[in-house]
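Here's a quick briefing for anyone meeting this structure for the first time. Have a look at the sequence and the model, then read on.

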Amino acid sequence: MRVDFDPEAMGGPAFYRFLTSVVVPRPIAWISTVTPDGLSENLAPHSFFSIASTDPPIVQFTSIGRKDSLRNVEDTGEFVVNFATEALMPLVNVTATDFPRHVSEFDHAGIEREPSLRVRPPRVRASPVALECRSHTSLRMGNSTLVFGRVVHAVTDREVLADGRPSAPLLKPLTKLGADEWGTLGEIRHLNRIPYEEPGPR
């Protein structure tokens, strides 16, 4: 038996909970930014995250409401996507707290920084992959803002590389599910794509 869900009848918060329970698993962009005066460095997880373009390389995350990550990107034009792993889950969760803008999640959670190469916001030293980004554009949509950033530099730990590229089993990515649920990689299956072939003469 089917159960119907009407977004208009349910309202935004209730349908948000429904959507985030259905669109799973979602990769987590652990976004580091800095205030314009450089006095506070922000670090926050965003689970509405994806690749927007490969040439040029552009990634995208969504800020629901006016979060510090969004304000800092708008003010400085820069951010870093730090890869979230299973081992970093407790720290990622701590940085999801809605701290005031002047409070640095790096300092509050005792997260070690390292300098970025091309942008001002620092990277998370324990994160195995970081994408340094400059703001490309942003798009307001309902209660959210989609932030697009051009990747100007990427860095990885040598230990997570296999055949010259990052390996999912070595990365051990952390994902977000519904409510307070988190996901890990689990079983990996390999299935080759089937190329299309024009039918031959009969």
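Helix α3 holds both Arg71 and Asp68, which sit three residues apart, about one turn of the helix; helices are DSSP runs of H or I with at least four residues, strands are runs of E with at least two, and both are numbered from the N terminus. The two residues form a salt bridge, with their closest N and O atoms 3.2 Å apart. A salt bridge here means a side-chain nitrogen of Lys or Arg within 4 Å of a carboxyl oxygen of Asp or Glu.

Bear in mind that this is a predicted model: local features need pLDDT of at least 70, side-chain atom pairs count only at pLDDT 80 or more, and totals for chains, interfaces and linings use all residues. Residues are numbered from 1 along each chain as its sequence is written, and side-chain values use heavy atoms, with hydrogens and water left out.

**Salt bridges**

- The structure holds 11 salt bridges.
- Arg134 pairs up with Glu78, the closest N and O atoms being 3.8 Å apart.
- Since Arg134 lies in strand β9 and Glu78 in strand β6, that pair ties together parts that are 56 residues apart in sequence.
- Arg134 is partly exposed at 32%, while Glu78 is buried at 12%.
- Glu112 forms a salt bridge with Arg125, and their closest N and O atoms are 3.0 Å apart.
- Glu112 is in the loop between α5 (105–109) and β7 (113–114), and Arg125 is in the loop between β8 (123–124) and β9, so this pair links parts that are 13 residues apart in sequence.
- Glu112 counts as exposed at 52%, and Arg125 as partly exposed at 40%.
- Shared partners join Glu112, Glu114, Arg123, Arg125 and Glu132 into one salt-bridge network.

**Nonpolar cores**

- In soluble globular proteins, nonpolar side chains tend to be buried together.
- The largest nonpolar core has 15 residues, and Phe79, Val81, Leu131 and Cys133 have the most contacts inside it; such a core is a set of buried Ala, Val, Leu, Ile, Met, Phe, Trp, Tyr and Cys residues joined through side-chain atoms within 4.5 Å.
- Elements giving two or more residues to this core are β2 (29–34), β5, α3, β6, β9 and β10.
- Strand β9 provides the largest share of this core, three residues.
- A second, separate core of 10 residues includes Trp30, Leu43, Ala84 and Phe106.

- The largest pocket has about 790 Å³ of space; a pocket is an open set of points on a 1 Å grid over the protein atoms alone, where a 1.4 Å probe fits, with protein on both sides within 12 Å along at least five of seven lines.
- It is lined by 32 residues, with Tyr16, Pro45, His46, Lys67 and Ala96 closest to its centre; lining residues have an atom within 4 Å of a point.
- Volume is the space filled by probe spheres set on the grid points, which are joined across faces, edges and corners.
- The largest pocket's lining divides into 11 nonpolar, 11 polar and 10 charged residues; Ala, Val, Leu, Ile, Met, Phe, Trp, Tyr, Cys and Pro count as nonpolar, Asp, Glu, Lys and Arg as charged, and the others, Gly among them, as polar.
- The second largest pocket has about 590 Å³ of space.
- Its lining has 18 nonpolar, six polar and no charged residues.

Conventions:
Buried < 20%, exposed > 50% of the residue type's maximum accessible area, 1.4 Å probe, protein only.
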